[in-house]
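User: I am new to reading protein models. Can we walk through one, feature by feature?

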Amino acid sequence: MPLLFPEEDASDVRRRYKPDVIKGDMDSIRKEVLDFYRSLGTEIIDKSHDQDTTDLHKCITYIRDFAPDVNKSSQLCILVAGALGGRYDHEMGNLNVLYCFSALRIVLLSDDSLIYLLPRTHHHEIHIQTSVEGPHCGLIPIGVPSRSSTTTGLRWNLNNTEMRFGGLISSSNIVVGEKVTVQSDTDLLWTISIKKL
């Protein structure tokens with residue numbers, strides 16, 4: 001957060017934008033950072049005994065359990081900053097979280113792109129904010145092949161197209177308007193570039 005407010009004192013910014021909760025296995029947080037936020041009243045939930053789920057998985061579980069009606073709210077969107085662009089194994093773990101919580105709208109953000117899951121149970125209309133995103137995009141089937149995917153609004157549209165790893169995937173595509181539609185027989189990851197402002 002201090003990088004977003006370079007003209008302000010970093011300590012003041014950290015105090016103003018403190019997290020309500022820090023939850024995870026605590027293997028990557030420095031003790032002085034943990035102590036700092038604990039002293040500000042941040043709740044610390046140590047899940048170091050759980051090595052079967054990632055820190056992101058633990059946090060999404062907390063959000064889901066904290067707001068029991070969360071699965072019923074189509075308005076909820078969980079933005080995960082810094083979810084991409086680091087260690088590849090962590091990125092893959094974050095992608096797995098999208099599948100584990102497919103009923104929730106979770107967007108993984110980096111400086112360069114965003115990714116979210118398009119469940120096969122819906123016909124998707126993606127409204128492109130052309131001032132901040134695009135034109136590069138992709139549709140990626142992970143886990144199982146897509147026997148049939150159809151799109152509109154892309155330079156290279158799919159028309160009942162099969163996609164699978166080891167074959168065709170729709171990477172390096174281009175949005176051509178402000179709306180993209182996607183229909184597929186399997187879950188797909190949607191990714192789109194973020195413009196540098």
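Analyst: Start with a rule for helices. The expected span of a helix is 1.5 Å times one less than its number of residues. Keep in mind that this model is predicted.

User: What span should helix α4 have, and how far apart are its end C-alpha atoms?

Analyst: Helix α4 covers residues 88–100, which is 13 residues, so the rule gives 18 Å. The end C-alpha atoms of α4 are 18 Å apart, in agreement with the rule.

User: Which residues of α4 are buried?

Analyst: First the general idea. An α-helix has 3.6 residues a turn, so residues three or four places apart point the same way. Now the case here. The buried residues of α4 are E91, G93, N94, L95, V97 and L98.

User: Which residues are in contact with T186, leaving aside neighbours within four places in sequence?

Analyst: T186 is in contact with L118, R120, V144, P145 and S146.

User: How many aromatic pairs are there in the whole structure?

Analyst: A search finds two. One is F5 with Y17, a stacked pair. Their ring centres are 5.5 Å apart, with 10° between the planes. F5 is in the segment before α1 (10–16), while Y17 is in the loop between α1 and β1 (21–24), twelve residues away. Y17 counts as partly exposed because its relative accessibility is 37%.

User: How are F36 and Y37 arranged?

Analyst: F36 and Y37 pair edge-to-face, 4.9 Å centre to centre and with 80° between the planes. F36 has a relative accessible area of 22%, so F36 is partly exposed. Y37, at 13%, counts as buried.

User: Now the whole chain. What is its secondary structure?

Analyst: The protein chain has four helices and twelve strands. Its C-alpha atoms fill a box of roughly 55 × 40 × 35 Å along the principal axes. Of its 197 residues, 37% count as buried.

User: How many positive and negative side chains does the protein chain have?

Analyst: There are 21 positive and 26 negative side chains. The centres of the two sets lie 2 Å apart.

Note on methods: Residues numbered from 1 in each chain as written. Predicted model: local features only at pLDDT ≥ 70, side-chain atom pairs only at ≥ 80, totals over all residues. Heavy atoms only, no water. Helix = DSSP H or I, 4+ residues; strand = E, 2+ residues; numbered from the N terminus. Buried < 20%, exposed > 50% of the residue type's maximum accessible area, 1.4 Å probe, protein only. Lys, Arg positive; Asp, Glu negative; His and termini not counted. Charge placed at Lys NZ, Arg CZ, Asp CG, Glu CD. Contact = heavy atoms within 4.5 Å. Phe/Tyr/Trp six-rings, centres within 6.5 Å; stacked < 30°, edge-to-face > 60°.
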